[in-house]
Amino acid sequence: MSIPNFFQRLKMNLPTRKLGRTGIEVTQLGYGSMGLRGPKTWGVRDVSDEDAESFLNLVLDSGINFIDTAPDYGVSEQRIGRFIGSRRSEYFLASKCGCVYTQHQDHLEIDHQWNKDVIQRNLELSLARLQTGHLDLLQFHGGDAETLEREGLIRQLVDFRSQGLIRFIGISTKLPEMTKLMKLGVFDTFQVPYSALAPEHHEAITHAANNGAGIILRGGIAHGGPDAEIKRPALDDVWQRAKLDELLPEGMSRAELILRYTLSHPHCHTTIVGTCNPEHLAENISAAQKGALPDDLYQAIGQRVADVL
């Protein structure tokens with residue numbers, strides 16, 4: 001695929017951070033692959049194989065080196081393996097486990113179950129689909145501390161690591177369960193929701209990072225903010241009530257403001273932004289290159305949002 005000139009330019013100086021105790025340098029802008037889930041799943045977008053191949057290669061050609069996926073994201077894993085499996089050395093690959101799904105005629109039914117058979121099947125299938133001998137990171141797709149310990153699932157992932165099937169152990173979670181999970185002291189990474197419009201995990205992120213964990217933020221662009229094609233009324237309401245348009249600098253889009261706010265968190269090691277639109281990808285990379293917001297603007301946004309939540 002021939003890369004447009006603007007993507008060649010954007011590849012320069014994409015900021016990186018160490019992913020906590022893993023010591024791995026990852027791009028602060030990562031890629032969340034849920035949008036590659038394919039037909040008969042959920043939502044209104046359906047990406048063809050041809051477009052998925054072009055876009056995944058564009059992600060790597062743009063310099064992004066962190067890709068997040070899951071067994072229950074439709075054909076996302078298959079597409080990653082099929083279209084960029086030959087470029088495996090160029091990206092840090094994270095998937096998940098605890099995923100049980102049923103493909104119906106017109107949609108994908110998702111469930112999460114916490115037993116060793118499910119975890120084993122998830123890993124084996126993910127490795128086959130992704131066309132790789134190992135995952136850099138295997139994350140529990142939810143789960144509570146008591147169940148994961150009682151069922152021996154943390155021990156299971158430690159065994160996977162000793163066999164060389166995975167390198168690091170993580171979890172996708174949120175408060176209040178995140179507090180109990182941090183106390184276990186076993187997770188190399190935490191994946192949590194965070195943005196200017198949903199900042200509830202700000203202190204928990206800091207606490208986890210200070211204990212050495214890598215931080216992966218999801219929802220870091222708040223689904224595109226008020227200008228998104230698919231409206232998120234709850235998020236839009238926060239934007240409006242906080243009157244953030246009053247703080248928007250001239251020439252800066254709402255989406256850029258939201259993304260750069262996320263990147264401004266001192267412990268945002270990477271934020272996995274999902275898109276299948278090359279123009280949006282270019283805008284996200286351009287925003288990431290500009291880096292953190294000025295401190296006074298960052299603080300003003302945080303205060304206004306705190307006042308309305």
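Residues are classed as buried under 20% relative accessible area, as exposed over 50% and as partly exposed in between (1.4 Å probe, protein chains only). The structure is a predicted model, in which local features need pLDDT of at least 70 and side-chain atom pairs count only at pLDDT 80 or more, while totals for chains, interfaces and linings use all residues. Residues are numbered from 1 along each chain as its sequence is written, and side-chain values use heavy atoms, with hydrogens and water left out.

At 0% relative accessibility, F140 counts as buried. The rings of F140 and F187 have their centres 6.3 Å apart and their planes at 85 degrees, so this pair is edge-to-face (rings of Phe, Tyr and Trp, the last by its six-membered ring, pair if their centres lie within 6.5 Å; planes under 30 degrees apart are stacked, over 60 edge-to-face and the rest tilted). F140 lies in strand 8 and F187 in the loop between helix 7 (177-184) and strand 10 (189-193), so the pair ties together parts that are 47 residues apart in sequence; helices (H or I, at least four residues) and strands (E, at least two) are DSSP runs, numbered from the N terminus. F187 has a relative accessibility of 3% and therefore counts as buried, as does W114 at 17%. One aromatic cluster is formed by W114, F140, F187 and F190.

N65 lies in the loop between helix 2 (49-61) and strand 4 (66-68) and, at 18% relative accessibility, counts as buried. A polar atom of the N65 side chain lies 3.2 Å from the backbone oxygen of E25, and one lies 2.8 Å from the backbone nitrogen of T27.

How values were computed:
Polar contact = N/O pair within 3.5 Å; in protein donor to acceptor, adjacent residues only side chain to side chain.
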